[in-house]
Amino acid sequence: MIEALQFEFMQHALLAGLLVSFAAGIIGSLIVVNRMVFLAGGIAHTSYGGIGLAVYFGLPIFLGASVFAVGAALLIAALTLKKRHRMDTFIGLIWAVGMAIGVIFVDLTPGYNVDLMSYLFGSILAVSSEDLYFMGALLALILFVVTFWYRDILAVSYDSEYAGLRDVNVRFFYTLILILSALTVVIAIKVVGLILVIAMLTIPVYIAEKLSNSLFSMMFLSGAIATFFTLVGLWFSYTYDLTSGASIIIVSAVSLGVFLLLNKKDTA
């Protein structure tokens, strides 16, 4: 693995893994405590509509997917702010429509044979410098938002009615969490793909939740755990010539199994 670091694409992959892992750890924690896990999968698949539009109009893939995902997040926020119990219905609908739009626009693109595997299972080894700038800017934005508005986000996440009584702008922070979740899902697609993004956003968070006593510590412990999974997954991928995204998730799943086994023994 050490000799692989001489290659620029491997350096980019490691840096991307670090940036995305911490973003996924922080936002994944908010997704879990707000009970929006299904949201991650919904936005991931909906963003394929943006990928299709970007391919058709010749735009950067990240730009198309991000705009489409944020649009979906805003729509979900408007529909579910007062009806969170109906969120799964709206997400399921948006999920299907987004995928359909993406497939149709890819089909309509003349002379373009899109590599679906890179979007379904990630393409971390193909990360460009521009992708890294986007990932770094998003992580910086997430860190700023979480640090500056931590108390408000905490209140909205655990008890939105109480937060409203404290004059916290619940609509604003609920929408903000959804937008940041959408953007994080988009960059996570580059690492693990549409199909596996939910696992990246939830497995490290589940482990960190059991080891933390506050939302703040859970966020950053999740990021550290996700980084470990990503690095080990990349090592397996490079050593045994396996798909990177799938390798990262398998490492995560096996680690979760070991954690649950050890935790069960400790509580027995």
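The model is predicted: local features need pLDDT of at least 70, side-chain atom pairs count only at pLDDT 80 or more, and totals for chains, interfaces and linings use all residues. Residues are numbered from 1 along each chain as its sequence is written, and side-chain values use heavy atoms, with hydrogens and water left out. Helices are DSSP runs (H or I, at least four residues), numbered from the N terminus. Buried means under 20% relative accessible area, exposed means over 50%, and partly exposed lies in between (1.4 Å probe, protein chains only). Contact, or touching, means heavy atoms within 4.5 Å.

**Nonpolar core**

- A nonpolar core is a set of buried Ala, Val, Leu, Ile, Met, Phe, Trp, Tyr and Cys residues joined through side-chain atoms within 4.5 Å.
- The largest such core has 84 residues, and Ile43, Met135, Ile142, Leu178, Val185, Val192 and Met200 touch the most other members.
- Helix α10 gives the largest share of this core, 26 residues.
- With residues up to four places away in sequence not counted, Val185 touches Ala40, Ile43, Ala44, Val197 and Leu201.

**Helix α2**

- Helix α2 (residues 37-46) is largely enclosed by the rest of the structure, because eight of its ten residues are buried.
- The buried residues of α2 are Leu39, Ala40, Gly41, Gly42, Ile43, Ala44, His45 and Thr46.

**Cavity**

- A cavity is a set of points, on a 1 Å grid over the protein atoms alone, where a 1.4 Å probe fits but cannot get out; lining residues have an atom within 4 Å of a point.
- Grid points are joined across faces, edges and corners, and a volume is the space filled by probe spheres set on the points.
- There is one cavity of 30 Å³ or more, and the volume of the largest cavity is about 40 Å³.
- Its lining consists of Ala199, Met200, Pro204, Ala226, Phe229, Thr230, Ile248, Ile249 and Ser252.
- Helices α10 (170-211), α11 (215-240) and α12 (244-267) each supply at least two residues of this lining.

**Aromatic pairs**

- Rings of Phe, Tyr and Trp (its six-membered ring) pair if their centres lie within 6.5 Å; planes under 30 degrees apart count as stacked, over 60 as edge-to-face and the rest as tilted.
- The count comes to 16 aromatic pairs.
- Phe144 and Phe148 are stacked, because their ring centres are 5.5 Å apart and their planes stand at 15°.
- Both residues lie in helix α7 (residues 129-148), four residues apart, about one turn of the helix.
- Phe144 is partly exposed at 48% relative accessibility, and Phe148 is exposed at 57%.
- Phe172 and Phe173 form an edge-to-face pair, 5.0 Å centre to centre with 80° between the planes.
- Phe172 is partly exposed at 38% relative accessible area, whereas Phe173 is buried at 5%.
- One aromatic cluster is formed by Phe144, Phe148, Trp149, Phe172 and Phe173.

**Single residues**

- Thr202 lies in helix α10 and is buried, with a relative accessible area of 18%.
- Leaving aside neighbours within four places in sequence, Thr202 is in contact with Val32 and Val37.
- Gly49 lies in helix α3 (residues 48-57) and is buried at 0% relative accessibility.
- Leaving aside neighbours within four places in sequence, Gly49 is in contact with Phe68, Gly98, Ile101 and Gly102.

Notes
On a 1 Å grid over the protein atoms alone, a cavity is a set of points where a 1.4 Å probe fits but cannot get out, and a pocket is an open set with protein on both sides within 12 Å along at least five of seven lines; lining residues have an atom within 4 Å of a point.
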